[in-house]
Amino acid sequence: MSAAERDEYERLRKAAHGRHRRLRYAATSVLLLVAFLLAPLAVVAAWVDSEVSDTDRYVQTVAPIATKPSVQNTVTDRLTKRVVDSVDVAAFTDAIGRTLQKEGAPPQVVQGADALTGPLKSALSSAVHSVVNRVVTSDKFAEVWDDANRRAHAAVVKVLTGEGDSAIQAGTDSIDLNIGTLIDEVKKDLVNAGFDQASKIPDVDKKVTLLKTDKLNEAQDAMRLLDVVGTWLPVLVLVLSALAIWSAPRHRVALMATAIGIGIMMIVLLVGLAVMRSVYLDSVPSSVLPRNAAADIYDTFIRFLKNSTVTVLVIAVITALAAYLYGPSRPARWVRGTAAKGTGVTGRAMARRGLRTGDTGRWLSTHVKWTTGIAIGGGALALVLWNYPTPGAVALILGIVVLVLIVLGILAAASGPERRPPADGRSTPVPG
């Protein structure tokens, strides 16, 4: 080609290369945007799916509710009122007055029987409250709670979708606890305490409202949708993120951007949960559920969701930091150089003391990228296979991966001098 033709060729090649890069950047941007928007929904969907499909996980979620003092006090007060209201104290005092009148008691004494209604009701309330509180705060109540939820895991479906039947029931605008077993236990304890009439207490309302909201139907609709996509939405986010990193002209920068974006979305989700908590507590009338009880129930019910969000946030921070340390910046080079120097000094000291790794060490030294990738991949696989990982589990796996990389670096540096066979057939060391 002539000089003019070569210049035209270079110009067209650069133009085509520029268009290609712009298309890759555009594709990466779109994929990352979708992945970022779906990331919070994926965490929530995975939480819902675990609550519905894993009985043990669900029992772990709701078990602490039965031990919260605020909830115990609410159940005690509501149950005491219902038991006392079911006893007709006025009829009892009327019967006393008629009996006194038949026995010829003075009119003042007969009329005074009516005045016993208030004190008798107060004494009954105090006695019933004491017995109910003893039952509710005992291990028996927690056992009844756990057993009911374990035997009827449809409670999860009832709470999140409004379907099924269990100890926990979702009404039109509330989530209620069925305490029928507890009421029977209270009646038995009252009889044992000397209140024989307790056995004649009629059946009372056996539901205690735990959550009250006029938006339950809308929330349940959202939960049903999230339940359907609970398994595949997290996978979709991972696939979109991987495609974005693969399509980007600079993979390391794309990996760092992906981790930072997902981390920011996890922070947004945590803020959203805090805002939802405030909105929910403001929407619950104190006459329906005391504020401290409502707060304890909300915090207990979503604690695993918050834990999962923090876990993803920690993973995102670690990934972004790792991507940065593999970059060309001066701090990243200093960290890598310091680590290599430390493992090298340790490995050579081992070799001088006769602890040489020989050919194995030399193989490790020439395949650093492969061994590093395998170690990091093994850590990622361990996280994927971990059942409900926590920030502590992430820290443990990270520590193990770093330790493995340090050991591999030391073994590579401890290979010692390579030996080559000389012309006379005897091996001689080659300075390393």
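1. Among contacts (heavy atoms within 4.5 Å) between residues at least 6 apart in sequence, 75% join residues at least 24 apart. Please keep in mind that this is a predicted model, where local features need pLDDT of at least 70, side-chain atom pairs count only at pLDDT 80 or more, and totals for chains, interfaces and linings use all residues. Residues are numbered from 1 along each chain as its sequence is written, and side-chain values use heavy atoms, with hydrogens and water left out.

2. The protein has 18 helices and five strands, taken as DSSP runs numbered from the N terminus (helices: H or I, at least four residues; strands: E, at least two).

3. Of the 432 residues, 36% are buried, that is, under 20% relative accessible area with a 1.4 Å probe, protein chains only. The accessible surface (Shrake-Rupley method, 1.4 Å probe) is about 24,700 Å², and carbon and sulfur atoms account for 64% of that.

4. An unreviewed UniProt entry annotates "transmembrane region" at several spans, among them 308-326 and 394-414; such annotations may be inferred rather than shown by experiment. Residues 308-326 are 95% helix and 0% strand, with end C-alpha atoms 27 Å apart. For residues 394-414, the end C-alpha atoms lie 30 Å apart, and the span is 95% helix and 0% strand.

5. Have a look at serine 70, in helix α3 (residues 69-85). Its relative accessible area is 7%, so serine 70 counts as buried. Leaving aside residues up to four places away in sequence, serine 70 touches Asn292, Ala293 and Asp296.

Technical notes
Buried means under 20% relative accessible area, exposed over 50%, partly exposed in between (1.4 Å probe, protein chains only).
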